[in-house]
There are 2 protein chains.
Amino acid sequence: MRLLLISNSGKPLYWWCKKEIADFVKNEEVTFISAATVYSCVEYYQKAQNILKEVGVKLNHLILDQKTEELIDRTSVFLVGGGNTYQLISQLKKRGLLDKIKRQVKKGASYIGLSAGANIAGPNILTTNDWNVMGSVVFEGLGLIPFNINPHYSTPQDKILSSAEARDERIEEYLVFNKNPVVALEEQTFLKVESNKVQVGGDGKAKVFIKNQKPKEFKPGDNLDFILL
Amino acid sequence: MRLLLISNSGKPLYWWCKKEIADFVKNEEVTFISAATVYSCVEYYQKAQNILKEVGVKLNHLILDQKTEELIDRTSVFLVGGGNTYQLISQLKKRGLLDKIKRQVKKGASYIGLSAGANIAGPNILTTNDWNVMGSVVFEGLGLIPFNINPHYSTPQDKILSSAEARDERIEEYLVFNKNPVVALEEQTFLKVESNKVQVGGDGKAKVFIKNQKPKEFKPGDNLDFILL
């Protein structure tokens, strides 16, 4: 399997990672999944398309309410855009697309996930920062990797004001109920997964949380292969 | 009904609001609900008890796995502590306590909710900042008030880095799927609800989000009675 899992936000869209995406995609056509937005999927696709065109990446839009089977079957690279993770997973699940995408990735398609798209690559989506604004009861992930991602990670700065919201405490709460590790990615940071290699890339840190262990930080260039064991 | 809904965090526990709690409680005994913690309920109760003793408030602990009926029936003030909102609501629901607490409040008991405890006072808990780390499918609230609370509100400071996480965007996403208003409370801010009066108190702002309207900010002393209409 070949995955690029990116913690991305800010405007313009993909400002720092579009070159990274282009390098990863090479000359393949890309199937863009816009389902994480709670607004217009078409506008989201057009925006992504315009920006990635600048770096020579061609996007095809997976339109949820059309026949998607044939497009998925010929996809060599998926790009799952950010937005609301609960929206993304429930929209895909409702149409039976989780299994289809997973099967295609297992067969060799590459997978690029941005934020929500990175969240759904793990066993479940319960380390998303997003709110479950639609009351979805779908929490499973694609299970492409044996750990969860938490994008947009930042070390809590202010001990008093942030304590109720401190990211580390949330991840520790997750580990009270779940066994799989969590990799928190700062902004402008990504993981590249290729067969049994996992490498940190970008400009920020990755912080690995494992149940009953002290969290550890890694920097760009470090490998996290141990997390696949 | 008589409610005190507090956005509280930081240490020591209740540092800025304990006097406010004491004034609201008067000389009644208080039933403390510790169910929002994912750690030790007993330790949580003891901590709260020790701190509120300083301001003359006596807490009785509602122990989830004991007979709770009799204690609820003679409760004149509930104090629902903060923690993880999904944990809190699922623990109460599982034991049939949501209806019992609600009934007692409707009969005249006062209700103090801190953070998670404030979140569950509304129609649903989907504007909590907490993560659903246990994969709970209970999203209903006590429905004591016709609007949701979002505690620990802060205006996003940094347009680039915070955009994926901006609180206002999340609340707007909530309003795509839901009709009831949301009142976001900054730290050290509370709402006091008495019969049909709602007043902002504490040191921060309350920001009211209503579907298809521009959000509005209110300061301590302002009344939000309109939100009950």
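This is a predicted model: local features need pLDDT of at least 70, side-chain atom pairs count only at pLDDT 80 or more; totals for chains, interfaces and linings use all residues.
The same surface serves both copies, since 100% of the contact residues of chain A recur in chain B, where contact means heavy atoms within 4.5 Å.

Residues are numbered from 1 along each chain as its sequence is written, chains are lettered from A and ligands numbered from 1 in the order in which they are written, and side-chain values use heavy atoms, with hydrogens and water left out.

Now to the helices, which, like the strands, are DSSP runs numbered from the N terminus (H or I of at least four residues for helices, E of at least two for strands). Two packed helices are described by the angle between their axes and the distance between the axes. In chain A, helix H4 (residues 85-94) packs on helix H5 (residues 97-106) at an angle of about 95°, with the axes 6 Å apart; the axes are lines fitted to C-alpha atoms, for helices over the stretch in contact, and the angles run from 0 to 180 degrees between N-to-C directions. That makes H4(A) roughly perpendicular to H5(A), on a scale where angles under 35 degrees count as roughly parallel, over 145 as roughly antiparallel, 65 to 115 as roughly perpendicular and the rest as oblique.

Which residues of H4(A) and H5(A) meet? From H4(A) they are Ile89(A), Leu92(A) and Lys93(A), and from H5(A) they are Leu97(A), Leu98(A) and Ile101(A). By class, this contact of H4(A) with H5(A) has 5 nonpolar, no polar and 1 charged residues, counting Ala, Val, Leu, Ile, Met, Phe, Trp, Tyr, Cys and Pro as nonpolar, Asp, Glu, Lys and Arg as charged, and the others, Gly among them, as polar.

H4(A) is mostly covered, with 8 of its 10 residues buried, where buried means under 20% relative accessible area, exposed over 50% and partly exposed in between, for a 1.4 Å probe and protein chains only. Among the buried residues of H4(A) are Thr85(A), Tyr86(A) and Gln87(A). The cover over the buried residues of H4(A) includes strand S2 (30-33), strand S4 (77-80), H5 and helix H6 (116-119) of chain A, together with helix H7 (167-177) of chain B.

Leu97(A) is buried, with a relative accessible area of 1%, and, not counting residues up to four places away in sequence, touches Leu62(A), Leu64(A), Thr68(A), Ile72(A) and Leu92(A). Of these, Leu64(A) is 33 residues from Leu97(A) in sequence and 9.1 Å away in space, C-alpha to C-alpha.

In chain B, two residues other than glycine deserve mention for their backbone. Ser115(B) has a positive phi of about 50°; it is found in the loop between strand S5 (110-114) and helix H6 (116-119) of chain B, and is buried at a relative accessible area of 6%. Gln188(B) has a phi near 60°, also positive; it lies in the loop between strand S7 (182-186) and strand S8 (189-194) of chain B, and is buried at 17%.

Finally, the cysteines: how many disulfides does a search of the whole structure find? Over all chains there are 0, a disulfide being a pair of cysteine sulfur atoms within 2.5 Å. The sulfur of Cys17(A) is 19 Å from the closest cysteine sulfur, in Cys41(A), and therefore too far for a bond; Cys17(A) is also buried, at 0% relative accessibility. In chain B, the sulfur of Cys41(B) is 19 Å from its closest cysteine sulfur, in Cys17(B), again too far for a bond, while Cys41(B) counts as partly exposed at 25% relative accessibility.
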